[in-house]
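Subject: Structure handover

Dear colleague,

Please find the structure below, with the sequence. My notes come after it.

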Amino acid sequence: MAQVYPFRAFRYNPQRAPFDRVLTQPYDKISPAMQEKYYAADPHNLIAVEKGRTDPGDTPQNNVYTRAAAALEDWIREHIVLQDAAPSFYAYTQEYTVPGTDERRTRRGFIGAGQLEEYSAGVVFRHEHTLSGPKADRLELLRHTKMLTGQLFMLYSDPRRRIDAILFEAGAAAAPATELRDEYDVVHRLWLICDPQRIAAIQHAMADQKLVIADGHHRYETSLTYRREQPTHAGKMDPNAPFERAMMTFINTRSEGLTILPGHRVVARVHDFSWGGVRRYLEPWFAAEAFPFSDEAKKPTAREKFLARLTGARAKRAIGAYPAAEAQKKAFYVLTLREGVSLAHLLPNVSPLQRELDVVLLHEGILEPALGITPQAVAAEANLTYEREASAAFDAVDSGRAQISFLLNPCDVEQVMKIATAGEVMPQKSTDFYPKLLSGITMYRVES
């Protein structure tokens, strides 16, 4: 069902632009400080395209999008960026340390041009809703540059790991064409696969796959919109036109090295917040196990026990809580569903698949009924912010910026696949696939 094709990528010329000085994180992960760091790293840094600076004097003729297009044209003309000679798939590995641990993993996938499909076709599935603002920005950039520089992160599921074997062989047979270590100590490596037999084997293995977007929903829908804007010939589209496809990185859910981090919830500005009141409300549904500490010296031990219990109680639908409290009442809490609780009764407006998600249990079973944080308030970001690291969620409470932080276990990738392929979506910030795919490691032109 999934159609994937080799393509002639545009890639930085390492003789003119060292990879570690010109490639960037995805545009939506680039903070203002990172933006400035990238600009200072190299005059050819992709930041000028991926997330360029705006200027108060911008005009329709000179703005962030026109400057991005001009930069790309200049780099191609000056051989800073070169196009590969032969259509290829690109084996892509990322060696990284799982945040908060000492465990080192390697995630393996491949980059190709994937056929764009409407969601209704039942080939590509989303697991999140999108926002209009980011799509408008990415669409305007694509209209000007005619180039996709950021990766779409696509999941497929193959227990036989047929493509993984091909990718491993390609990596073992030659030195990588691209290798760099990024600011998060992630080592990125890229190999070209242009052998016709390997290309055909990859296409054959992908032909029966359904694809789920892990990261890049906004960019995927931007590519769909761009395709709809293109003129037809005699009322028909050219099925081989470059804009019929988008650059995608394909990762097998059955491979080693796939990591999903949780998105912890940090709560602030709740009227008349009372942890005691919240606990009384939740008492019929949740058992609360406390990990108290009387002073800062005893806090690390309590925190360690709390985090271990949160992980160990995952099967019991565990949710962690760290509320602001008086010094003598400080504690971490692990909330677990009481035995015999009916999720259909607790979450009557939620589908059976969604009830299996801890993040949905938190939102629908705690945040809204016990704290009054409605879906509208969540969408408006009135009371919630999100943290990847547990330490940051704790610090928000300790600093007085938050009233309580809720900690979650990570979502399982099979849950993501089941919900997406059933046509449902998950709450925002339910999944954090780590690490992110670098922008600019390959680039794909959407016009001939």
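The model is predicted, so local features need pLDDT of at least 70 and side-chain atom pairs count only at pLDDT 80 or more, while totals for chains, interfaces and linings use all residues. Residues are numbered from 1 along each chain as its sequence is written, and side-chain values use heavy atoms, with hydrogens and water left out.

Aromatic contacts

There are 16 aromatic pairs in the structure. Rings of Phe, Tyr and Trp (its six-membered ring) pair if their centres lie within 6.5 Å; planes under 30 degrees apart count as stacked, over 60 as edge-to-face and the rest as tilted. One of the pairs is Phe293 with Phe332, which is tilted, at 5.4 Å centre to centre and 35° between the planes. Phe293 lies in the loop between strand E15 (286-292) and helix H10 (299-312), and Phe332 in strand E17 (residues 331-337), so this pair ties together parts that are 39 residues apart in sequence. Helices (H or I, at least four residues) and strands (E, at least two) are DSSP runs, numbered from the N terminus.

Phe332 also pairs with Tyr322, and that pair is stacked: 4.6 Å between centres and 25° between the planes. Tyr322 is in strand E16 (residues 319-323), 10 residues apart from Phe332. Phe293 and Phe332 are both buried, and Tyr322 is buried too; buried means under 20% relative accessible area, with a 1.4 Å probe and protein chains only. One aromatic cluster is formed by Phe291, Phe293, Phe306, Tyr322, Phe332 and Phe394.

Charges over rings

A charge sits over a ring if NZ of Lys or CZ of Arg is within 6 Å of the ring centre and within 35 degrees of the ring normal. Arg138 lies over the face of Tyr27, 3.8 Å from the ring centre. The charged end of Arg245 is placed over the ring of Tyr5, at 3.5 Å from its centre.

Strand E8

In strand E8 (residues 152-156), 5 of 5 residues are buried. Leu152, Met154 and Tyr156 are on one side, and Phe153 and Leu155 on the other. In a regular strand the side chains alternate between the two faces of the sheet.

E8 runs parallel to strand E12 (residues 245-252), joined by 5 bridges; strands pair if DSSP finds at least two bridges between them. Tyr156 is opposite Asn252 in E12. With strand E11 (residues 211-215), E8 pairs in the antiparallel sense over 3 bridges, and Leu155 stands opposite Val212 there.

Regards

Methods
Buried means under 20% relative accessible area, exposed over 50%, partly exposed in between (1.4 Å probe, protein chains only).
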